[in-house]
Amino acid sequence: MEKAMPYVNIKITRDGATAEQKKALIEGVTQLLVDTLDKNPATTTVIIDEIDTDNWGIGGQTVTERRNAAK
């Protein structure tokens, strides 16, 4: 019987994660699933969604507003 194929969706703000950092996230999450749940890395899907800080809200404020207020 085929094991379930993992699907991981990472959401981060679109403000500076480099291609190398995103590659490291994909590799690291895949390896974590291999090590922890014995998942097949060839069937593990990792998606990174980058969200504009104007489209991400925390506590009634956008991330943009929160970051500007913290400056």
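Predicted model: local features only at pLDDT ≥ 70, side-chain atom pairs only at ≥ 80, totals over all residues.
The backbone here deserves a look. Phi of Asp 38 is positive, near 55°. Asp 38 is a residue other than glycine.

## Overall layout

The protein has two helices and four strands. From the N terminus on, the order is β-α-β-β-β-α. The radius of gyration is 16 Å, well over the 11 Å that the globule rule gives for 71 residues, so the protein is more spread out than a compact globule. Along the principal axes, the C-alpha atoms fill a box of roughly 50 × 25 × 15 Å.

Burial covers 18% of the 71 residues. Contacts reach along the sequence. Of those between residues at least 6 apart, 64% join residues at least 24 apart.

## The annotated domain

UniProt, in an unreviewed entry, lists residues 6-65 as "domain: 4-oxalocrotonate tautomerase-like". Over that range the chain is 37% helix and 30% strand. The end C-alpha atoms of the range are 35 Å apart.

## Helix 1

Helix 1 covers residues 19-37. The helix has 19 residues and reaches 27 Å from its first C-alpha to its last. That span is close to the 27 Å expected at 1.5 Å a residue.

Which residues of helix 1 are buried? They are Val 29, Thr 30 and Leu 33. Seen down the helix axis, these buried residues fall within an arc of 95°, so they line one face of helix 1. What covers them includes strand 1 and strand 2. On the other side of the helix, Glu 20, Leu 32, Asp 35 and Thr 36 are exposed.

Lys 22 is found in helix 1. Its relative accessible area is 21%, so Lys 22 counts as partly exposed, given that buried means under 20%. Leaving aside neighbours within four places in sequence, Lys 22 is in contact with Ala 17, Ile 48 and Glu 50. Lys 22 and Ile 48 are 26 residues apart in sequence. In space, their C-alpha atoms are 7.6 Å apart.

With Glu 50, Lys 22 forms a salt bridge. The closest N and O atoms are 3.2 Å apart. This pair links distant parts of the chain: Lys 22 in helix 1 and Glu 50 in strand 2 (residues 45-51), 28 residues apart. Glu 50 is partly exposed as well, with a relative accessible area of 25%.

## Other salt bridges

How many salt bridges does the structure hold? There are five, among them the Lys 22 pair with Glu 50. Another joins Arg 67 to Asp 15, with the closest N and O atoms 2.0 Å apart. Arg 67 lies in helix 2 (residues 63-70), and Asp 15 lies in the loop between strand 1 (7-13) and helix 1, so the pair ties together parts that are 52 residues apart in sequence. Both partners are partly exposed: Arg 67 at 39% relative accessibility, and Asp 15 at 42%.

A further salt bridge joins the side chains of Lys 23 and Glu 27, at 2.3 Å from N to O. Both residues belong to helix 1. Because they are four residues apart there, about one helical turn separates them. Lys 23 is partly exposed at 49% relative accessibility. Glu 27 is partly exposed at 45%.

## Reading the links together

Strand 1 and strand 2 are included in what covers its buried residues. Strand 2 also holds Glu 50, the salt-bridge partner of Lys 22. Helix 2 supplies Arg 67, whose partner Asp 15 sits in the loop between strand 1 and helix 1. The Lys 23 and Glu 27 pair stays within helix 1.

Conventions
Residues numbered from 1 in each chain as written. Heavy atoms only, no water. Salt bridge = Lys/Arg side-chain N within 4 Å of Asp/Glu carboxyl O. Buried < 20%, exposed > 50% of the residue type's maximum accessible area, 1.4 Å probe, protein only. UniProt positions renumbered as here; feature names shortened; annotations may be inferred. Expected span 1.5 Å × (residues − 1). Arc of directions from axis to C-beta. Contact = heavy atoms within 4.5 Å. Rg over C-alpha atoms; globule rule 2.2 N^0.38 Å.
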